[in-house]
Every structure is written in structure tokens, then in C-alpha cells.
Amino acid sequence: MKIAALQMQSATGDVRANLDHIERAAVEAARAGAKLLITPELCVTGYGAGPEIISLAEPPDGDQIKALQAVSSSHHIAIVAGFAERAGADVYNSAAFIDGFKEPAIYRKSHLYGDYEKSLFKPSKPENCIVEVGELKFGLLICYDVEFPENVRRLALGGVDAILVPTALPAGPSGTFIANHMIQVRAFENQIFVAYVNHAGADARFTFAGNSRIAAPDGSLVASSDDTAEHLLFADIEPARFAASIGDNPYLKDVTPL
């Protein structure tokens, strides 16, 4: 299955512009044969929108998700999009999996990063959110979540073929290390694909590392960006191609329960 990853320059606080941007990417991705488009963390509002995110937050049955459902249905492509989810008085840093007008699957970030996120969002309990596109199973995490190996291992033991990770990775030495090493290690040690999809450029509060990655079970990169510019990346998710790696490194088979 071909998937697409949008390293996206979001418009801070401009939901309409960002939804239009996602639609343009969906059109291009679908024309190229992709069945799934992944976009960055909080791309619908812009990651650096600050307190404005609270006023822009919507429930999963709000206009933002309905607009993405229409895009998904019109262009026959599933979409993963980061958005601010309102649930009563609480706001979560969430990712929606959208497949036409089916009920969306919602994943809420469990590990909030830094004072900025903790001032805006409520953390969720760690949980498995597993969705299907065609014959493949995908698990969802958001940004900092993937840096905790137990989150990835839990999904891998749940039978996913790939983990999709919308992120807002900032520029700097730690961001470079995460993009250049950790993502490939997470894929290798769990014998799955990991798609790590970051913002492009900068907003008023943050400069992003770019460097989106799609890593394969053998630790190789099947798609990557080496800069902070906007890109639409494509990769083929074919688990059977990596049967030899899975056979040589049977981590999931040999794992010892804690």
C-alpha cells in the first residue's frame, strides 16, 4: 500500500487555510495512488497558536472533522490529522483517523511535552488506537509518545503493521537525534514501519526540525526529508518485503512479559 506524509507549513490559527492545504495534499496524494495521508501534530490549528488553540478546539463531530471527512470521501483517501479536541471542559492534543464518512477514530496524546503543551491540554491515559486501511493495521501515537518505547511495543504486540506519528519536533540537537536515530530504532526493535510526520518551517513560537521519516522494519528509511521545507513524501508499506528481517530479529516473538 502506498501512503503519503505531508511535512506541512501550517498557518497559525487559520483553520480554514489549513483544511484547504490538507485537501490540496490529499488530491495530489490520491492522484499518485496513495490510500492514506498523514499530517503533523495540531496541523489543523497550527502547533504554535498558543491559547487560541482553546477557542479553536472542537469535538470529533464538529465542522473541522466533517470537512476532513468530505475531503476523504471525495478523493478516496484516508487521512490522519492532528487537531485540538474539545470534550466538555477539557481539551486534548488529538489525532483523527478519517475514512470517508465513517465514524472517525480519535487518539489522544498521553505524554504531553513541556510547559507549553501542559498549559493547554489534558493528558490521556496510554491506550491502543488501531485502525485499518485495506489489509493493513495502523497504530496511532503523537510526537513525544513515540519516545517512550513501551508505547510502541504495546502497539506492536497489538498486531499493527505500522505506527503513524504526527509530530511537532522542534529544531535542535535532540530533535536531530530523534529524527536521525530514534525513529529507525523504534521500527527495527519492533519490526514494524514507523511514519513520523513533522511540521515544516516555523511559526511565531517554534522553529521545526522538519526531517520527517518513514522507517521500515529493518531500520532503513523508505522515505525521508532532510530539511525543513514543505514536502509530500511517499512510501510503499509492504511488510512481506521485510520477512527476512523479521525472521532474523524476532523481538516480538521472544519478548518476556513483565
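1. The largest cavity holds about 40 Å³ of space, and the count of cavities of 30 Å³ or more comes to one. Here a cavity is a set of points, on a 1 Å grid over the protein atoms alone, where a 1.4 Å probe fits but cannot get out, while a volume is the space filled by probe spheres set on the points, which are joined across faces, edges and corners. This is a predicted model, in which local features need pLDDT of at least 70 and side-chain atom pairs count only at pLDDT 80 or more, whereas totals for chains, interfaces and linings use all residues. Residues are numbered from 1 along each chain as its sequence is written, and side-chain values use heavy atoms, with hydrogens and water left out.

2. The lining of the largest cavity, meaning residues with an atom within 4 Å of a point, consists of Gln9, Ser10, Thr12, Gly46, Tyr47, His199, Ala200, Ala202, Asp203 and Phe208. By class, four of these residues are nonpolar, five polar and one charged, where Ala, Val, Leu, Ile, Met, Phe, Trp, Tyr, Cys and Pro count as nonpolar, Asp, Glu, Lys and Arg as charged, and the others, Gly among them, as polar.

3. Ala202, one of the residues lining that cavity, sits in the loop between β9 and β10 and is partly exposed at 37% relative accessibility (buried is under 20% relative accessible area, exposed over 50%, partly exposed in between, with a 1.4 Å probe and protein chains only). Helices (H or I, at least four residues) and strands (E, at least two) are DSSP runs numbered from the N terminus. Although Ala202 and Ser10 are 192 residues apart in sequence, their C-alpha atoms are 8.8 Å apart in space. Leaving aside neighbours within four places in sequence, Ala202 is in contact (heavy atoms within 4.5 Å) with Gln9, Thr207 and Phe208.

4. Of its 15 lining residues, Tyr113, Glu147, Ala168, Leu169 and Pro170 are the closest to the centre.

5. Helix α6 spans residues 173–190, and its 18 residues reach 25 Å from first C-alpha to last, close to the 26 Å expected at 1.5 Å a residue (the expected span is 1.5 Å times one less than the number of residues). There is a bend of about 35° at Ala179, taken as the angle between axes fitted to the seven residues ending there and the seven starting there. Buried residues of α6 include Ile178, Ala179, Met182 and Ile183, and the buried residues of this helix pack against α5 (149–157), β9 (193–197), β10 (213–215), β11 (221–224) and α8 (251–254).

6. Which backbone angles deserve a second look? Most residues other than glycine have a negative phi. Gln191, in the loop between α6 and β9, has a positive phi near 55° and is buried, with a relative accessible area of 9%. Cys143, in the loop between β7 (136–140) and α5, likewise has a positive phi, of about 45°, and is buried at 7% relative accessible area.

Technical notes: 1 Å grid on protein atoms, 1.4 Å probe; cavity = no way out; pocket = protein on both sides within 12 Å on 5 of 7 lines; lining within 4 Å.
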